[in-house]
Amino acid sequence: MEWATVFSGSNEGSVGTERGSERTLNPYVTGTSVLGLKYKDGVILAADMGGSYGSTLRYKNVERIKSIGKHTLLGASGEVSDFQEILRYLDELIIYDNMWDDENSLGPKEVHNYLTRVMYNRRNKFDPLFNSLVVGGVKNGQKYLGMVGMIGTHYEDNHVATGFGNHLARPLMRAEWHEDMSFEEAVKLLEKCLLVLLYRDRSAINKFQIAKITEEGMTISEPYALKTFWGFLAFQNPTKGAEGSW
Amino acid sequence: MFYLQAADSQILSDYVRYFLNQHTIQLGQPATVKVAANLVRLFSYQNKNMLQTGLIIGGWDKYEGGQIYSVPLGGTVLKQPFTIGVTGLGGEIAIGMMLLRARPSGFRRLQMHGAQEREGRKQTTGRNRKPKKLSHTNEINQLCDKEDKVKEGSGSSYLYGFFDQAWKDGMSKDEAEKLVVKAVSLAIARDGASGGVVRTVTINAEGVTRNFYSGDSLPLWHEELEPRKLLA
């Protein structure tokens, strides 16, 4: 039993006689939206800590935002195992970069580009990594925020979101984002978006992490929960005008 | 959602035990739980288009004490303080729980308590399942995402709510064992693919201990009746 046969990549040589895969697979354990926006000192990312298994909210302590090197934060939605694999690729990338020992380091632009290539090439082989990624960071005073999808779609913007966030959060961001927001303003806006997602996205859980990265460095917050409001009059007696409904 | 295949769990476990054995020989000492879990992850992730198996890996090593990792479908690795799982056709439920007990010296000793085998194969609560022979490493290594509790398998859906309420940090070995048996018996009550007996495995610094609970010794739940002797 060769190590290579058993543990090689799925398309190269799987165990057994099958050719491998012409696969576009289904995701199993998934994370929901990731939000990102630029503010005065840098970039902020936010995501909840849920890992859903279909409709079951199965894992509630999944860190979906990680730091890459010194200058970048990466947030991912979609299949968690693929995200973990991406982190391994990036680990290798960063280690090789550090080994040059030339006082130069990969910044968010480079990481974004690398990930774009990875995602697009996998897509071309019909073997995608089932993720939507948010890449954010600051290097040499330049703030950077970008997104890469599972088919290789990529772009940068002042505010980005994945999944449901695109539909629910970005309209709020478009209305309220402005250049040089303070940290508090940015967090307020993000929390507003996170709350909407919590109300409306079935895969969202009430446990968030907000990560910020500036020229000085990065911090990922401890997990915390938001207060929700359900005191609407209409909720008290929902069938008042419509007997038989719920 | 895909159904978990027992055969996939078996073959994966066979492969992982094979490589773990080799690794242990080469390393010259028992492998770590992380390594075992990573082996499971590698196999699950690389062959995700062919495998339908979720495993729990629990064990003890001298570096990090007791650990439990969950590797569900797809090959995600999550470390947890307890976990539940069920294999498919065999109808087994595995529950791994980790106990944290602070020692007077301040040294934290972690005990892993669960109905699992070392490579994270599901424990048998179903019918017609023979206990698997394990390799000789004293410590168990399996890698999954680290979580306090891990659940897998068909009956596990019935147990999420139960564990949300009943699991507490810092349980003793006996408390944990009782909890695990209770949980499995609850799942047996509702999961058609589970039944028969409950077997538990406790893995800690002292080694591996197995216990057996026959079906008629388990508590009865809603609308279940006390059995009575046959007339004959």
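Helices (H or I, at least four residues) and strands (E, at least two) are DSSP runs numbered from the N terminus.

## The five-stranded sheet

In chain A, five strands form an open sheet in the order S11-S2-S3-S12-S13, with antiparallel pairing; two strands pair if DSSP finds at least two bridges between them. Strand S11 (159–161) and strand S13 (218–220) of chain A are the edge strands, each pairing on one side only. From one strand to the next the twist averages 10 degrees.

S2(A) and S3(A) run antiparallel and are joined by five bridges. A:Leu37 has A:Ile44 in S3(A) as its bridge partner. H6(A) packs on the sheet and touches S2, S3 and S12 of chain A, its direction making about 155 degrees with that of S2(A). Axes are lines fitted to C-alpha atoms, for helices over the stretch in contact, and angles run from 0 to 180 degrees between N-to-C directions.

The axes of H2(A) and helix H2 (residues 33–46) of chain B come within 12 Å and cross at roughly 110 degrees. The two helices are therefore roughly perpendicular to each other, a class that covers 65 to 115 degrees; angles under 35 count as roughly parallel, over 145 as roughly antiparallel and the rest as oblique. Contact (heavy atoms within 4.5 Å) is made by A:Ser81, A:Asp82, A:Glu85 and A:Arg88 of H2(A) and by B:Asn38, B:Arg41 and B:Tyr45 of H2(B).

## Basis of the description

Residues are numbered from 1 along each chain as its sequence is written, and chains are lettered from A and ligands numbered from 1 in the order in which they are written. In this predicted model local features need pLDDT of at least 70 and side-chain atom pairs count only at pLDDT 80 or more, whereas totals for chains, interfaces and linings use all residues; side-chain values use heavy atoms, with hydrogens and water left out.
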